[in-house]
There are 2 protein chains.
Amino acid sequence: MLNHAEDCIARCRALALHTEEPGFTTRTFLSPSMHAVHGDLSQWMRDSGMSVSVDAVGNLRGRYAAATADAPVFWIGSHLDTVPHAGAFDGILGVVLGVKLVQLLSGHPLPFAIEVVGFSEEEGVRFGFPFIGSLALIGQLNPAATALIAGAVRDFGLNPTDPVAMTDASLGYLEFHIEQGPVLENLGLPLGIVEAIAGQTRMQIIFEGKAGHAGTTPMNLRHDALACAAEWICEVEEHAGKTFGMVATVGKLEVHPGAPNVIPGTVKLTLDVRHQMDATRRHGAASMLDAAHRIAHRRGLSVSSAITLDQAAVPLDAQLAQALARAVERSGHAVHCMMSGAGHDAMVIARAMPAAMLFLRSPGGLSHHPEESVLVEDVASALSVGMNFLENLA
Amino acid sequence: MLNHAEDCIARCRALALHTEEPGFTTRTFLSPSMHAVHGDLSQWMRDSGMSVSVDAVGNLRGRYAAATADAPVFWIGSHLDTVPHAGAFDGILGVVLGVKLVQLLSGHPLPFAIEVVGFSEEEGVRFGFPFIGSLALIGQLNPAATALIAGAVRDFGLNPTDPVAMTDASLGYLEFHIEQGPVLENLGLPLGIVEAIAGQTRMQIIFEGKAGHAGTTPMNLRHDALACAAEWICEVEEHAGKTFGMVATVGKLEVHPGAPNVIPGTVKLTLDVRHQMDATRRHGAASMLDAAHRIAHRRGLSVSSAITLDQAAVPLDAQLAQALARAVERSGHAVHCMMSGAGHDAMVIARAMPAAMLFLRSPGGLSHHPEESVLVEDVASALSVGMNFLENLA
């Protein structure tokens with residue numbers, strides 16, 4: 001399987017050269033460089049026995065026919081768009097692995113069709129609106145978004161009024177994706193089975209104290225917004241650290257007035273809390289907000305806050321996850337089930353059919369970065385698991 | 001004395017209308033609005049029996065002659081320039097009180113001359129170089145600074161090559177100034193005697209961790225630069241809080257990359273540490289830097305730092321401070337000795353002669369702000385103390 005894995009990596013690296021920005025990989029929704037990606041992948045899909053189409057939101061769809069005419073379809077996919085200055089694997093590896101699995105079937109039909117889909121849009125870069133490809137496939141792209149993208153669709157040579165949504169009976173969906181985190185590397189494992197996509201709470205919090213002269217205001221008479229925020233950040237970290245599976249991040253923090261010799265009067269910051277159990281996440285976020293009020297009150301500061309996102313967790317299909325686990329075992333690897341802290345197309349597709357995800361170890365935990373990579377052994381393992389999975393599904 | 005105090009406050013408020021920026025008080029070194037201030041104060045100085053001159057760096061100097069021709073001089077002064085959007089009292093109150101004290105002498109000569117000096121520059125706004133007026137008076141304005149300001153001096157109608165430095169034998173210097181902090185208000189006292197101007201250490205510190213995806217990086221695998229900085233800021237606050245007379249401030253802090261869903265990889269911040277004992281200050285700053293290294297090492301981050309300022313404390317004259325204390329007692333107030341956490345002209349003048357400072361309570365601790373104020377009772381107390389002080393000096 002190693003030579004097939006090498007072929008997959010080589011294809012991803014070649015496809016990464018199709019970019020809007022020479023020297024980097026930047027390929028947004030329906031950009032001209034997407035035509036080249038479609039061209040390369042379509043050719044390979046046809047060579048592997050698939051019929052190819054591009055739907056009205058720009059999803060590339062390769063269909064491998066079933067043994068019988070009215071058989072259901074099993075979907076394998078991920079996205080073809082990238083963030084600016086991306087790596088070569090986030091998203092597109094899942095499409096390349098799908099086509100490779102079909103290629104490895106060598107034309108032998110299964111009792112179900114396989115449709116490999118390269119979603120046109122997942123990252124939300126071009127229109128600030130993510131998951132356009134997968135939402136359209138399940139018929140849930142709202143009219144406002146459809147109108148928003150209509151010009152881009154026409155410019156790409158497509159007809160925005162053509163139907164997109166799938167019509168076949170579907171068995172399920174499988175997405176291979178790089179982990180984008182350090183967990184598997186840390187465990188020394190090539191693969192992870194995703195149980196759920198974590199829910200997210202995002203908040204903006206403002207600590208309002210009193211600015212003052214750094215030289216003339218004694219420590220006991222201060223209402224320092226940054227010292228207050230610092231104490232709170234330590235509590236946030238501690239709370240998340242002792243809650244299994246929770247992550248909490250203060251990623252953005254602004255200090256006002258922000259001069260070296262002025263006590264900070266105001267601190268504005270963001271809090272991002274994720275967990276695969278919504279109740280645990282919401283309880284955690286509420287406890288953190290309580291802590292902000294408690295600490296600020298003791299210090300004579302005030303707090304204001306706004307929840308900017310409360311996105312529920314999405315459990316993936318337990319039966320497909322079990323089938324994946326058996327395939328992982330048969331391929332000789334330890335089974336590790338995990339949550340995904342990032343959103344993926346599988347999260348959208350799960351609304352319409354059983355969905356599963358298999359993570360590949362991310363060296364250095366790196367993604368959305370030119371140096372993001374995968375190990376050839378891990379890609380080979382993923383291909384083995386994929387073949388095993390399809391054979392058992394059959 | 002209350003009517004004289006009211007007159008001082010009214011004069012300060014009237015002088016605050018001489019500004020470069022209508023609606024605010026902004027009056028930088030040798031700006032056109034300084035001419036108007038000189039005009040008003042000169043008139044009052046002459047009415048009070050003083051001879052008036054403006055020296056070659058723009059210091060306004062009013063001389064009240066002694067009983068004998070070759071008597072030494074006692075200086076009373078502060079600065080006439082302001083920060084942008086200033087209040088009506090920082091600096092100029094010390095000049096107004098000086099003239100008022102001479103006025104209260106009603107022409108009766110003392111065994112020493114009194115020279116009231118309104119320094120042209122203390123805040124460092126126009127040329128980024130503070131204390132121009134006082135440095136020139138003691139003959140310590142360096143040639144580079146002299147060259148830097150020569151054009152402005154000429155534009156103001158002065159000759160930059162005229163001599164500035166004082167030549168008389170000097171008994172000492174007294175500066176009245178608003179406290180610019182909340183200590184006196186908190187103690188319920190009108191006046192404070194300044195023992196020393198605190199020394200300052202300023203540092204830039206960079207915590208270098210590893211940026212990462214806020215969703216996919218578990219808490220135990222993070223190297224979060226902001227969480228590290230937060231833990232350290234808590235230690236800085238604790239260290240300063242338990243060291244009598246120390247203040248420590250993290251006033252500026254930048255987070256990179258600074259996105260809500262990205263773990264902070266780098267935090268750059270400033271540290272400002274002040275104390276009236278240099279050894280205590282330097283030991284404190286070193287301990288804080290040690291703590292930064294210790295915390296960062298435990299978390300797998302690195303620290304780099306640079307000391308950007310190491311300014312020694314300036315003790316003021318103990319005998320003059322005692323004389324002030326006796327005057328405060330005779331005026332019926334409790335004596336409170338304190339450090340000044342901010343720099344003042346007295347800090348420069350102390351290099352050349354015995355110098356003393358008397359702080360007036362700052363309501364709300366406010367300064368460098370349009371709402372900065374003084375209480376009329378406190379100004380009356382300061383005038384009583386000043387008269388008492390001069391009578392005893394005589």
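# Reading helices, domains and a chain pair

Tutor: Start just after α8(A), where Gly300(A) takes a positive phi of about 75°. This is a predicted model, so treat every value as computed.

Student: Where are Leu30(B) and Ser106(B) placed?

Tutor: In loops. Leu30(B) sits in the loop between α1 (2-15) and α2 (32-47) of chain B. Ser106(B) sits in the loop between α3 (92-104) and β4 (113-119) of chain B.

Student: Is Leu30(B) buried or exposed? And is Ser106(B) buried or exposed?

Tutor: Count C-beta neighbours inside 10 Å. Leu30(B) has 25, so it counts as buried. Ser106(B) has 8, so it counts as exposed.

Student: Which residues of α8(A) are buried?

Tutor: First, the general idea. An α-helix has 3.6 residues a turn, so residues three or four places apart point the same way. Now the case. The buried residues are Arg281(A), Gly284(A), Ala285(A), Met288(A), Leu289(A), Ala292(A), Ile295(A) and Ala296(A). Seen down the axis of α8(A), they fall within an arc of 130°, so they line one face of the helix.

Student: Which exposed residues are on the face of α8(A) turned away from its buried side?

Tutor: That face carries Ala279(A), Ala286(A), Asp290(A), His297(A) and Arg298(A).

Student: What do the buried residues of α8(A) pack against?

Tutor: One helix and several strands of chain A. The helix is α7 (225-241). The strands are β7 (199-208), β9 (247-249), β12 (266-275) and β13 (302-311).

Student: Let me try α1(A). What is its reach?

Tutor: Helix α1 of chain A, residues 2-15, has 14 residues. From first C-alpha to last it reaches 20 Å, close to the 20 Å expected.

Student: Which residues of α1(A) are buried?

Tutor: Ala5(A), Cys8(A), Arg11(A), Cys12(A) and Leu15(A). Down the axis of α1(A), these fall within an arc of 120°, so they line one face. The cover over the buried residues includes α2 (32-47), α3 (92-104) and α11 (376-393) of chain A. On the face turned away are the exposed Leu2(A), Asn3(A), Ala10(A) and Ala14(A).

Student: Now the whole chain. How is chain A divided?

Tutor: Into domain 1 (2-197 + 313-393) and domain 2 (199-311). Their centres, taken over C-alpha atoms, are 38 Å apart. Five residues of domain 1 of chain A are in contact with seven residues of domain 2 of chain A. By class, the domain 1 side has three nonpolar, one polar and one charged residues.

Student: And how are two copies of a chain related?

Tutor: By a rotation about an axis and a shift along it. Here a rotation of 180° with 0.0 Å of shift superposes chain A on chain B, with RMSD 0.0 Å. The two copies are thus related as by a two-fold rotation axis. Within chain A, Ala230(A) comes closest to that axis, at 2.1 Å by C-alpha.

Student: Why do we say the copies meet through the same surface?

Tutor: Because 100% of the interface residues of chain A are also interface residues in chain B.

Student: One last feature. Are most peptide bonds cis or trans?

Tutor: Most are trans. Here is a cis one: it joins His256(A) and Pro257(A), with omega about 0°. Pro257(A) is in the loop between β10 and β11 of chain A. In chain B, a cis peptide bond joins His256(B) and Pro257(B), with omega about 0°.

Technical notes
Residues numbered from 1 in each chain as written. Chains lettered and ligands numbered in written order. Predicted model: local features only at pLDDT ≥ 70, side-chain atom pairs only at ≥ 80, totals over all residues. Buried ≥ 20, exposed ≤ 12 C-beta atoms within 10 Å, placed from the backbone. Helix = DSSP H or I, 4+ residues; strand = E, 2+ residues; numbered from the N terminus. Arc of directions from axis to C-beta. Contact = placed C-beta atoms within 7 Å. Domains from an automatic or database assignment. Nonpolar A, V, L, I, M, F, W, Y, C, P; charged D, E, K, R; others polar. Least-squares fit on C-alpha atoms with pLDDT ≥ 70 in both. Expected span 1.5 Å × (residues − 1).
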